[in-house]
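These notebook entries record what I looked up, item by item. The sequence and the structure come before the entries.

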Amino acid sequence: MLFGRIGILMFSCLMRQLHSAPSSYGTMISMPLVDNIGATLKADLDVTKMNKYLHEYIQQEVSLGVSKAMAGMVETMVENKTRAVQTELEAKIGDKMKQLNQKDREKHAFFAHLSSNKENLIDGTVVIFNRAPLNVGGGYDTASGKFTCKEDGLYFFSWTTLSNSRKDFTSALFVNGNGIAENIVDNDETIDTMTGSSSAIFQMRKGDVAWIGVVGAEGTYLRHTWTKGIPASVFTGFKID
């Protein structure tokens, strides 16, 4: 019983001493003791090492708690940042795929040819290539012979004309009424047919219109085929980029 009382008193005094001087390791505490006969005793105890060990233990526990808390915060921050980057990357990839799919859907190309011979076409006449086996994007109109741009970009155009014996045929590519390139079949002195071809690349805007037109007084004769009905006078175009 005596030692139990002594232990309780020592712990109580120790806590009071630590509370009053937490930064001090070296200290001596005095505590009253009461024996079984009620006599008052006095004990001086050196708790220097106990204070030191207790202080170090508390520091260790606090440091461990802080480390765990910081590690949890860092892990949470990394996870949140990773999810944010992943979400952003997925969104960018999705947008890029949509752009590629949209670009793939917006292809523009046509191939047109004559279905019959043309002769004595005057200056400025639009050569109407009235058959279009290929017309991706629907930009070419077989009724007017004109291609209307539906999307900004670089476009490639090419056309070939077949004249008759001793007949000339001069034509040009026009965009919005401006001559871009010319095609001359000078055949007025030969007894055989003759072909001529030209091509051009042009930066077009949505709504621009391109066509093949007769130049001067040399639209005398234009054949649609040479043999077996295979098209010989043709007009083609497509979007490069």
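**Entry 1. Overall make-up**

What share of the contacts in the protein chain with a separation of 6 or more comes from residues 24 or more positions apart? I found that such residues account for 64%, a contact being heavy atoms within 4.5 Å.

I note that this is a predicted model, in which local features need pLDDT of at least 70 and side-chain atom pairs count only at pLDDT 80 or more, while totals for chains, interfaces and linings use all residues. Residues are numbered from 1 along each chain as its sequence is written, and side-chain values use heavy atoms, with hydrogens and water left out.

I looked up the secondary structure and found two helices and 13 strands in the protein chain; helices (H or I, at least four residues) and strands (E, at least two) are DSSP runs, numbered from the N terminus. Of the 241 residues, 29% count as buried, where buried means under 20% relative accessible area, exposed over 50%, and partly exposed in between (1.4 Å probe, protein chains only). The accessible surface comes to about 15200 Å², and carbon and sulfur atoms hold 58% of that area. Accessible areas come from the Shrake-Rupley method with a 1.4 Å probe, and for residues only the protein chains shown count as cover.

**Entry 2. Confidence**

I checked pLDDT, the predictor's confidence in each residue, from 0 to 100. The protein chain averages 80, and 72% of the residues score at least 70. Over residues 1-11 pLDDT stays under 50, and the model has ten contacts beyond four places in sequence for this stretch. Where pLDDT is low, the predicted coordinates should not be read in detail.

**Entry 3. Strand β9**

I examined strand β9 (residues 169-175) and found seven of its seven residues buried, so the strand is largely enclosed by the rest of the structure. F169, S171, L173 and V175 point one way from β9, whereas T170, A172 and F174 point the other way.

Which strands pair with β9? One is β10 (residues 178-185), antiparallel over seven bridges; another is β12 (residues 209-222), antiparallel over six bridges. Two strands pair if DSSP finds at least two bridges between them. T170 has I184 of β10 as its bridge partner, and S171 stands opposite V214 in β12. β9 and β10 form a hairpin with two residues between them, and N176 in the turn has a positive phi of about 55°.

**Entry 4. Salt bridges**

I searched the whole structure for salt bridges and recorded two; the criterion is a side-chain nitrogen of Lys or Arg within 4 Å of a carboxyl oxygen of Asp or Glu.

K92 and E88 form one of them, at 3.5 Å, N to O. Both residues lie in helix α2 (residues 48-105), four residues apart, about one turn of the helix. K92 is exposed at 51% relative accessibility, and E88 is partly exposed at 45%.

D152 and R205 form a salt bridge at 3.7 Å, N to O. D152 lies in the loop between β7 (146-148) and β8 (153-163), and R205 in the loop between β11 (194-204) and β12, so the pair ties together parts that are 53 residues apart in sequence. D152 is partly exposed, at 38% relative accessible area.

**Entry 5. Nonpolar surface**

Which residues make the nonpolar surface patch of about 340 Å²? I recorded L154, I201, F238 and I240. Patches are made of residues with over 30% relative accessible area and no salt bridge; like charges are joined within 9 Å, and nonpolar side chains (Val, Leu, Ile, Met, Phe, Trp, Tyr) within 5 Å. F238 lies in strand β13 (residues 234-239) and is partly exposed, with a relative accessible area of 37%.
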